[in-house]
Amino acid sequence: MANKIQKLIQYFRKKNIRVLLSMCFTFVAVAGVLLIGTSLFIRFRTANEATVEETHKRIVEQVNLGLDSYLRSIMKVSDVMYFRVIKNCDMLEEGFNSDMNLLYEANRDSLVSIAVFKRDGSLVDAVPLAFLKQTAHPEKQGWFLDAVTKIENLHFSTPHVQNLFNDADYRYRWVVSLSRAIELTYGGKTESGVLLVDMNFTGIEQLFRNAKLGDTGYLYLINNKGEIIYHPRQQLIYSNLEQENNQVAAAYEDGSHIEEFLGEKRMVTVKTVGYTGWKIIGVTPMADMWKDTFQIHIFVLFILLFTSLLLFVANGFISSKIADPILELEKSVKELERGYLDIPIAIGGTHEIRHLGETIQSMVQQMRKLMEDIVIQQEEKRKSEFDALQSQIHPHFLYNTLDSIVWMVENERYEEAIVMVTSLAGFFRIGLSKGKNIITVEDELKHAKNYITIQSMRFRDRFTFQIDAQPEVLGMATIKLIIQPLLENAVYHGMEYLDGEGKIQVNAYLHGQELYIDVIDNGIGIPQEKIEELLKRDTIHRGKGSGIGLRNVHERIQCYFGEEYGLSIYSEPDEGTMIRIRLPQKQYTEDAAVRGEFL
Amino acid sequence: MKRNSNVLIILALAFCTAFLALFLRMDSKENKPKGYVKISVISRDTTGDTMETLRQGMEQAASDMRAEISFITLSKRNDAQEQIRLIQREVLNGTDAILLSAADSEELSYIAEEVSKEIPIYTVESPVASDKVPQSAESKDWSMGRLLGENLIYRGVFGKKILILESSMRCHNIVEREKGLLDAITGGRGEIITAAIGKTEDFKAELTEVVQIYEPDIVVALEPYTLNAAAEALQEKKYGSPKLYGICTTSKTSQYMEEGLIEGIVVQNDFNAGYLSVYQVMKALKKTDATIDGEIEFALIHSYNMYSSQNQRLLFPFVR
């Protein structure tokens, strides 16, 4: 059980906030609806039961009144017969047949016979049939014995077949006998006897038949011992095809009771009939009580289910309204986590969620700015490092050049010294460029020419050089001091160990959308594996020919113009090397150059 | 989200439609009057007297289970050919089921078997000689005959002539009664005589003749028709004063017993037999959900105990 609960908790934990909200809302709402529905249902059921109970009580009461009236009328017949006829009649002087007959005729619908017997059971008189059967023994019958043993009372029998008189039509009728002890007068002397009034069932049957308790409910009548006097399915009960709970019902007090009989729950309404002690039992199966309201129940059930469905939909909508902005925000945060700082932050929903979104957006903007600042700072730092590196080149070069100039002057080679000094001056003038990093290609080529001129003089014409440029290239912008390191590389690594005449060629030209400056030498070339390592930033080299100059140029270009620009090295051993500078075509402007930017 | 909403709306509509359909169907089902099942009951007698109580039971069951009973009697008693024609006619007329009291158990077996392929056919009181045509209730004819025989033995049959009136002997139930009776009285040191009657329309004359020939002390009739005829013959003093016994009853039988013309009868609960026969038919037609386990009890009744609480319920069904 605990395991299942744990699994359930885990299941819900995996669900998103929208599902959780929707399920919680729905659960609470449906529970509320069910609670209200069940309360109403129970209330309705109780009220319905009370109504049915009240109705059945009223019906049973009406039947009781009718039965009481009917029995009283029969008792009245007995009273009249006894007190008005028999008591006033001396049997030796006159009979009472005519009065008895009159009384019978007046009540023939309710009566089967009226008979008077002596104490020994012999017939005194009877209507409408006057002759006893040979086999008839009234004195042995229950109604007779009741009358003579309890002389003060009137006695109602249970139903039995009337078997006293000869009937030419072979009719055997079920009757209920009313008997009482009487005193017959014979010549002034009294003699005890029994008066019998046999009721037929028509009256009782009509009373009960007309009273309906729902579709399958019914009424039956029992005596105080629980013996059935009337039942709508009397013969079926007598034949054991059906059963009735009459023995138990005999013990019931007046009022309504719920009983279970043969697996069926039913409401039993009991009413005791005044004088006789008989009981009228109204039986209504509980299932029948709900039969009429079954459709209402189904309808209520439908309403409950439909309301639950609507609540489910409404809750889904509401939870979606609440949760969706949160989910969108979470999605944005996930994108941020993946490093996409440029994606827009989802801002929506309620005030609180909007505030949260706006705060995150503000934080992202600040973070982005901080990161950009860090990048700029890093670039600046790198540029500074490059510039510092670049400035380290000059002292060494200056020393060598001045040394060469001194040597030229000492040897009275004034012309050459002048050229070298002039070149050196040009070299430094352009190199300084008033502190600007951005210069025209023309200046950069001049700078390169000054450098290569000095170097060619120093190396005593071991190589020749040529610089060519398309006229439209000259006004383009470039960062300064990018050709000189390439030339330096060509001189020191290409020419130094070259046996023949060296040649260095510089070409500047436009191609496509780019500006290219190729530095070509016919030196010893660079091995392929070294080419691949030369421009890598993380490669550590030591000593001469470490390629630090080339990488410096390459990174500076990328730093200023982007990753797609920079150097490309093409080399064949013993054939030569071409280092190509790739730059964007940007027109030089003074302002941009001062700011160090390219437009 | 929109797709989910659409699905929910469709679900809600489907739910409402299904519920409405169920609701309307329930309503129409409740208000729709159920049809009556037509059951034809074909007697082997010319009047309904001998099957009166049986009929009352059938009618009570018909009323409880919404059936319509058509009770058909013959123009001539135990006429098997007429019964065959009546069965064919009832089937043609579209009856839903047949309850048959076979006039001739052998002769009617074929037609009953054929009809059983189309509609339910059950036998009541007198069966047919076929396993394919069931009896509506378990036969207790042998036991009833035996009970009567045991009573005769109990009352003493030593040196007495016992005349068994054989009528309707083509009906297996009557044969079973005789077998039960003979089983009990054979070896009882009485003289057992069997005499076939019913060859003519005048039963009384036949009975008088037979009695005059055999001068029995005890006469046993195996069916109420013969029993009543014997009682009437006795009443008219057409023969001596043998003690008359019989099996089954009519209202006249009770009267004759009270008058001392009949010594005793074995009576079965015909009301139950009738009720259960209709129940079996309705069950076969699947028109009732009721489960009824009824016994068809029987009892030996004499004039002195016929009004006991139990016996009067057997003899005089409480039917209004």
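Predicted model: local features only at pLDDT ≥ 70, side-chain atom pairs only at ≥ 80, totals over all residues.
A polar contact is a pair of N or O atoms within 3.5 Å; within protein, one of the two must be able to donate a hydrogen and the other to accept it, and residues adjacent in sequence count only if both atoms are side-chain atoms. By this rule, 11 residue pairs, both at pLDDT 80 or more, are in polar contact across the interface of domain 2 of chain B and domain 3 of chain B.

Chain B is divided into domain 1 (1-32), domain 2 (37-138 + 270-296) and domain 3 (141-268). The centres of domain 2 of chain B and domain 3 of chain B, taken over C-alpha atoms, are separated by 27 Å. Where these two domains meet, 18 residues of domain 2 of chain B are in contact with 15 residues of domain 3 of chain B. Together they bury about 1,300 Å², with 44% of that area on carbon and sulfur atoms. Three residues, B:Thr50, B:Arg77 and B:Asp270, supply 34% of the area that domain 2 of chain B buries against domain 3 of chain B, more than any other three residues.

Charge is also part of the picture. Side chains of opposite charge can pair when their charged atoms come close. Between domain 2 of chain B and domain 3 of chain B the count is 3 salt bridges. By class, the side of domain 2 of chain B that touches domain 3 of chain B has 5 nonpolar, 4 polar and 9 charged residues.

One salt bridge to look at joins the side chains of B:Glu223 and B:Arg77, at 2.7 Å from N to O. Where in the chain do B:Glu223 and B:Arg77 lie? B:Glu223 is in the loop between strand 7 (218-221) and helix 8 (224-235) of chain B, and B:Arg77 is in the loop between strand 2 (67-72) and helix 3 (80-92) of chain B, so the pair ties together parts that are 146 residues apart in sequence. Both B:Glu223 and B:Arg77 are buried. They also belong to a network of salt bridges that links B:Arg44, B:Asp45, B:Arg77, B:Glu125 and B:Glu223.

Other salt bridges sit within one helix. The side chains of B:Lys179 and B:Glu176 meet in a salt bridge of 3.6 Å, N to O. B:Lys179 and B:Glu176 are separated by about one helical turn, because they are 3 residues apart in helix 6 (residues 172-185) of chain B. B:Lys179 is partly exposed, with a relative accessible area of 44%, and B:Glu176 counts as partly exposed at 28%.

A:Arg72 and A:Asp68 form a salt bridge of 3.0 Å between N and O of their side chains. Both residues lie in helix 2 (residues 17-86) of chain A, 4 residues apart, which is about one turn of the helix. A:Arg72 has 45% relative accessibility and so counts as partly exposed. Over all chains, the count comes to 35 salt bridges.

Now consider chain A as a whole. Its domain assignment gives domain 1 (16-88 + 294-324), domain 2 (109-205), domain 3 (213-292) and domain 4 (372-595). Between the centres of domain 2 of chain A and domain 4 of chain A, taken over C-alpha atoms, there are 152 Å. Is A:Ser404 buried or exposed? A:Ser404 counts as buried because its relative accessibility is 13%, and the limit for buried is under 20%. Not counting residues up to four places away in sequence, A:Ser404 touches A:Met420 and A:Arg458.

The last step is the interface between the chains. Here 34 residues of chain B are in contact with 38 residues of chain A. The two chains bury about 3,500 Å² between them, 65% of it on carbon and sulfur atoms. The count of salt bridges between chain B and chain A is 2. B:Asp64 forms a salt bridge with A:Arg233, with the closest N and O atoms 2.1 Å apart.

Which elements of chain B give two or more residues to the side that touches chain A? They are helix 1 (2-31), helix 2 (52-65), helix 9 (251-258), helix 10 (270-284) and helix 11 (309-315) of chain B. Helix 1 of chain B gives the largest share, 9 residues. The residues on this side of chain B divide into 18 nonpolar, 8 polar and 8 charged.

Definitions and conventions:
Residues numbered from 1 in each chain as written. Chains lettered and ligands numbered in written order. Heavy atoms only, no water. Domains from an automatic or database assignment. Contact = heavy atoms within 4.5 Å. Buried area = accessible area lost by both parts, 1.4 Å probe. Salt bridge = Lys/Arg side-chain N within 4 Å of Asp/Glu carboxyl O. Nonpolar A, V, L, I, M, F, W, Y, C, P; charged D, E, K, R; others polar. Buried < 20%, exposed > 50% of the residue type's maximum accessible area, 1.4 Å probe, protein only.
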